Amino acid sequence: MSIGAAPVSRIDTEICVLGAGPAGALCARRLGELGHRVLLVERHPFPRPHIGEALTPAVWPLLDSLGLLPAVRGAGFLTPTWSSVRWADEQVRRVRLPAGTCGLTVCRGRFDQLLLDAARSAGVTVLQPARAHRPDRRAGGWEVPVTTPDGPRRLRARFLVDATGRARVLGGRVTRTGPRTVALYAAWHVGTRQGPPTCLEAAPHGWLWGTPLPDGTYRAMAFTDPEQLHRSGVRRSSLAGFLRSLLGGSELLRGLADERPASAVAVCDATGYHDPDPVAEDRISLGEAAFAIDPLSSSGVDKALQTAMAGAVTVHTLLEPGGDRKAALTYYRDSQLASVEQHARWAGGHYAEHLPHRGNGFWRRRARPLPAPGPAASPAPAPVPRTNLAALMQRRVRLAPPGRLTSTPCVVGDQVALRPALAHPALPRPVAYLGGHALAPLAEALRGEHTLAEVLRAWSRTLPAEQALAVAAWLYERDLLVLQP
């Protein structure tokens with residue numbers, strides 16, 4: 001330190017979370033609720049503008065479980081139930097969500113502030129605005145240089161959470177999961193007049209998306225290859241003209257091409273990737289610091305929230321005395337990789353549905369036809385009894401070979417622990433619980449020479465008869481329950 005320089009103040013904490021977006025704020029809140037001393041560092045003052053305003057219907061149960069539903073419902077966000085889609089061919093289709101469901105379109109400034117307030121209410125200390133620089137691993141933890149309006153500080157933490165999105169303050173290599181993609185975006189004033197609904201439209205060398213926002217503006221985005229910008233000679237000064245030309249060729253968003261955007265046209269990287277090593281015994285990466293999925297799914301925020309919950313239980317297990325660290329590390333790595341692979345298959349299948357321009361490089365590089373429908377393509381949802389098993393009650397049944405029980409990391413309460421799970425090639429991954437019930441003891445009852453009625457009676461000793469029937473139907477529909485001669 002030079003003579004006369006102000007001393008650098010130091011802050012000690014158990015867990016330091018870098019980044020207060022949805023992943024960082026939610027993870028910090030959950031760790032605070034679990035009794036940890038958490039410091040959350042955010043570079044920008046809130047509220048701040050951010051893209052990624054559209055959330056899928058899958059976010060509602062998660063918000064409900066977190067106790068955030070009343071605040072979100074009272075924030076004046078939008079709940080779309082349908083969209084205009086021009087994708088597989090030239091026809092425009094109105095696609096409605098299932099009855100009783102809706103999406104969620106938020107103002108990210110307000111939405112992120114709600115999550116940050118929830119973290120504060122759980123006892124999390126927030127340092128904002130504060131810019132974190134590259135952390136240094138030291139004996140017993142981490143040291144993070146931070147620049148604040150009041151001067152430099154040094155944070156010392158036992159555990160480090162990287163939730164800085166694509167900035168990825170911890171660095172390290174990532175593996176691309178799709179072709180390089182860029183997004184051009186801006187917002188338009190539409191006010192009280194009727195603007196376009198939520199739209200998705202394929203173009204010769206990319207695709208377009210747009211949606212109304214809660215503040216009365218309309219967000220439009222164009223996704224294409226970086227090479228397309230280079231071939232068209234696009235510079236930063238000509239981004240607006242290029243986006244206008246893409247909108248002008250659109251069937252659904254053409255009306256925006258003649259209007260001046262309310263915000264500057266910006267461009268960002270939208271390439272999918274994942275960190276092959278997102279967790280260690282003293283650090284973890286969440287949200288887009290861990291992986292980024294294809295924007296076609298419009299579920300980036302949903303996945304950020306899910307990784308936050310998975311990350312919180314992983315960190316808690318790693319820090320708690322007696323926690324199964326190996327199980328926690330395996331659980332987080334496997335869950336992240338499974339999510340990446342699932343979304344890559346989904347996106348590839350939807351790109352393959354597009355026909356008019358499938359010969360163009362943009363579509364060829366992304367199209368991956370989905371496998372034929374079958375048990376292996378089905379996830380493991382909560383059991384829903386759809387199969388009528390009445391005619392099979394007196395038939396002897398058994399578990400389909402090569403079904404077996406294997407130890408797999410699961411969330412048990414607030415920690416990760418090994419539990420027996422059913423593994424079979426017809427399942428995308430081992431299943432330990434079905435509808436909240438352990439599957440292993442139920443599978444064990446299928447080892448002998450028993451009729452289905454006898455198996456159900458045995459299962460009914462530990463779970464309701466209706467649930468026992470639902471489990472049998474779930475197994476039978478996936479060819480995991482076979483009839484013996």
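Arginine 168 is buried, at a relative accessible area of 9%; buried denotes under 20% relative accessible area, exposed over 50%, and partly exposed the range in between, with a 1.4 Å probe and protein chains only. The model is a predicted one, in which local features need pLDDT of at least 70 and side-chain atom pairs count only at pLDDT 80 or more, while totals for chains, interfaces and linings use all residues. Residues are numbered from 1 along each chain as its sequence is written, and side-chain values use heavy atoms, with hydrogens and water left out.

**Overall form**

- The chain contains 12 helices and 28 strands; helices (H or I, at least four residues) and strands (E, at least two) are DSSP runs, numbered from the N terminus.
- The chain is as compact as a globular protein of its length, because its radius of gyration of 25 Å is close to the 23 Å that the globule rule gives for 485 residues. This radius is taken over C-alpha atoms, and the rule is 2.2 Å times the number of residues to the power 0.38.
- Along the principal axes, the C-alpha atoms fill a box of roughly 80 × 65 × 40 Å.
- Buried residues make up 49% of the 485 in the chain.
- Among contacts in the chain with a separation of 6 or more, 69% are between residues 24 or more positions apart; a contact requires heavy atoms within 4.5 Å.

**Surface and charge**

- The chain exposes about 22,900 Å², of which carbon and sulfur atoms supply 53%. Accessible areas come from the Shrake-Rupley method with a 1.4 Å probe, and for residues only the protein chains shown count as cover.
- The mean positions of the 57 positive and 41 negative charges are 3 Å apart. Lys and Arg count as positive and Asp and Glu as negative, whereas His and the chain ends are not counted; each charge is placed at NZ of Lys, CZ of Arg, CG of Asp or CD of Glu.

**Nonpolar cores**

- In soluble globular proteins, nonpolar side chains tend to be buried together.
- The largest nonpolar core holds 59 residues, and Ile15, Leu63, Leu104 and Phe111 touch the most other members. A nonpolar core is a set of buried Ala, Val, Leu, Ile, Met, Phe, Trp, Tyr and Cys residues joined through side-chain atoms within 4.5 Å.
- Helix α7 (residues 300-319) gives the most to this core, contributing 10 residues.
- With residues up to four places away in sequence not counted, isoleucine 15 touches Leu31, His36, Arg37, Val38, Leu39, Ala157, Phe159, Val161, Val315 and Leu319.
- Valine 455 lies in helix α11 (residues 452-459) and is buried, at 2% relative accessibility. Leaving aside neighbours within four places in sequence, valine 455 is in contact with Val397, Ala445, Leu446 and His450.
- Valine 455 and aspartate 414 are 41 residues apart in sequence, and their C-alpha atoms are 32 Å apart in space.

**Backbone features**

- Most residues other than glycine have a negative phi, and most peptide bonds are trans.
- Arginine 168, in the loop between β11 (151-162) and β12 (175-176), has a positive phi, near 45°.
- Aspartate 479, in the loop between α12 (465-477) and β28 (481-483), also has a positive phi, with a value near 60°.
- A cis peptide bond with omega of about -5° joins phenylalanine 46 and proline 47; proline 47 lies in the loop between β2 and β3.
- The bond from glutamine 128 to proline 129 is likewise cis, with omega near -5°, and proline 129 is found in the loop between β7 (125-127) and β8 (131-132).

**Individual residues in loops and helices**

- Histidine 44, in the loop between β2 (38-41) and β3 (54-55), is partly exposed, with a relative accessible area of 40%.
- Histidine 44 touches Gln128 and Pro129, residues up to four places away in sequence not being counted. The C-alpha atoms of histidine 44 and proline 129 are separated by 5.1 Å, although the two are 85 residues apart along the chain.
- Arginine 236, in the loop between α5 (226-231) and α6 (239-248), is exposed, at 67% relative accessibility.
- Arginine 325 lies in helix α8 (residues 325-352) and is partly exposed, at 32% relative accessibility. Apart from neighbours within four places in sequence, arginine 325 is in contact with Glu281, Leu318 and Glu320.
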